[in-house]
Amino acid sequence: MLERLRGISSKLFDGLADIAVRMGISANLITMLGFISFLISILSLYFRKSLLASLFILLGGFFDMMDGSVARKSRNSGAKGAFIDSVVDRVEEGLLFLFMGIYSRELLWAALTIHSSMLTSYIRSRSESLGVRGTEFSLTGRGERLLLSAFFCAIDKVDLGLIIISILSYLTCIERSYIFFREIGKKGS
């Protein structure tokens with residue numbers, strides 16, 4: 001859903017990216033700052049500080065949006081950076097949901113949330129590798145999962161957050177699969 005707002009948000013982030021590029025800050029550095037933010041968020045959950053975790057999830061999400069803008073602005077958005085960004089995103093989400101599960105003592109829901117999150121991302125990636133676009137415009141992408149995580153940590157309802165994120169992510173898997181089969185059918189494959 002947030003993917004549809006990318007045009008609006010990119011204007012803000014492009015302005016900030018211009019500043020970062022002028023300062024010589026690389027997209028990979030911003031990716032690592034985001035990773036550090038997520039590490040602090042999971043440590044916050046470990047030490048039972050869910051509100052602090054929420055703030056660092058949002059900060060990590062900010063860096064996640066910035067790294068792509070900086071890569072485009074610096075004309076340095078190569079395969080290595082894209083690979084690093086994608087892998088770091090999956091590591092961040094997996095660890096975040098695991099520690100949300102530890103915090104809430106809901107390890108089954110944490111496992112389902114990790115599974116559904118990874119599957120959602122995989123379906124988009126695989127669809128795009130097969131030449132089908134459009135799956136990113138769906139119910140719950142990475143941005144929505146992060147916002148929901150931050151929200152449920154902020155209100156200290158982490159267990160409910162895992163359940164909702166998991167269900168929405170599985171629904172997104174179904175939706176993205178439907179989009180793939182619809183679009184591939186139009187191509188006659």
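**Entry 1: a word to settle**

I call a residue buried when its relative accessible area is under 20%, exposed when it is over 50%, and partly exposed in between, using a 1.4 Å probe and protein chains only. With that in hand I looked up Asp 89, which counts as buried because its relative accessibility is 8%.

I noted that this is a predicted model, where local features need pLDDT of at least 70, side-chain atom pairs count only at pLDDT 80 or more, and totals for chains, interfaces and linings use all residues. Residues are numbered from 1 along each chain as its sequence is written, and side-chain values use heavy atoms, with hydrogens and water left out.

**Entry 2: the whole chain**

What elements does the chain have? I found seven helices and zero strands, so I wrote down the definition: helices (H or I, at least four residues) and strands (E, at least two) are DSSP runs, numbered from the N terminus. Along the sequence the pattern reads α-α-α-α-α-α-α.

Next I looked up the overall dimensions. The C-alpha trace spans about 50 × 45 × 25 Å along its principal axes. For 189 residues, a compact globule would have a radius of gyration near 16 Å, and the chain agrees with its 17 Å. The radius is taken over C-alpha atoms, and the globule rule is 2.2 Å times the number of residues to the power 0.38.

How much of the chain is buried? I read 40% of the 189 residues. The chain exposes about 10200 Å², and carbon and sulfur atoms supply 68% of that; accessible areas come from the Shrake-Rupley method with a 1.4 Å probe, and for residues only the protein chains shown count as cover.

I also looked at contacts, meaning heavy atoms within 4.5 Å. Among contacts with a separation of 6 or more, 82% are between residues 24 or more positions apart.

**Entry 3: helix α6**

I picked α6, residues 142-154. At 1.5 Å a residue its 13 residues should span 18 Å, and its end C-alpha atoms are 18 Å apart, which agrees. The expected span is 1.5 Å times one less than the number of residues.

Which residues of α6 are buried? My list is Arg 142, Glu 144, Arg 145, Leu 146, Ser 149, Ala 150, Phe 152 and Cys 153. These buried residues pack against α2 (27-46), α3, α4 (79-104), α5 (107-129) and α7 (158-186). A note on helices for myself: an α-helix has 3.6 residues a turn, so residues three or four places apart point the same way. After α6 comes Asp 156, with a positive phi near 55°.

**Entry 4: Asp 89 and its partners**

Back to Asp 89, which is found in helix α4. Not counting residues up to four places away in sequence, Asp 89 touches Asp 64 and Arg 142.

A salt bridge is a side-chain nitrogen of Lys or Arg within 4 Å of a carboxyl oxygen of Asp or Glu. By this rule I have ten salt bridges. In one of them, Arg 142 pairs with Asp 89, the closest N and O atoms being 3.4 Å apart. Arg 142 lies in α6 and Asp 89 in α4, so the pair ties together parts that are 53 residues apart in sequence. Both Arg 142 and Asp 89 are buried.

Arg 142 also forms a salt bridge with Glu 93, with the closest N and O atoms 3.7 Å apart. This pair links distant parts of the chain, α6 and α4, 49 residues apart. Both Arg 142 and Glu 93 are buried. Salt bridges that share partners join Asp 64, Asp 89, Arg 90, Glu 92, Glu 93, Arg 142 and Arg 145 into one network.

Is Ser 69 buried or exposed? Ser 69 lies in helix α3 and counts as buried, at 1% relative accessibility. Leaving aside neighbours within four places in sequence, Ser 69 is in contact with Phe 13, Asp 14 and Ala 17.

I found Phe 62 in a nonpolar surface patch with Leu 12, Leu 16, Ile 19, Met 23 and Leu 59, with about 530 Å² of accessible area together. The elements giving two or more residues to this patch are α1 (6-22) and α3 (50-73), and α1 gives the most, with three. For the record, patches are made of residues with over 30% relative accessible area and no salt bridge; like charges are joined within 9 Å, and nonpolar side chains (Val, Leu, Ile, Met, Phe, Trp, Tyr) within 5 Å.
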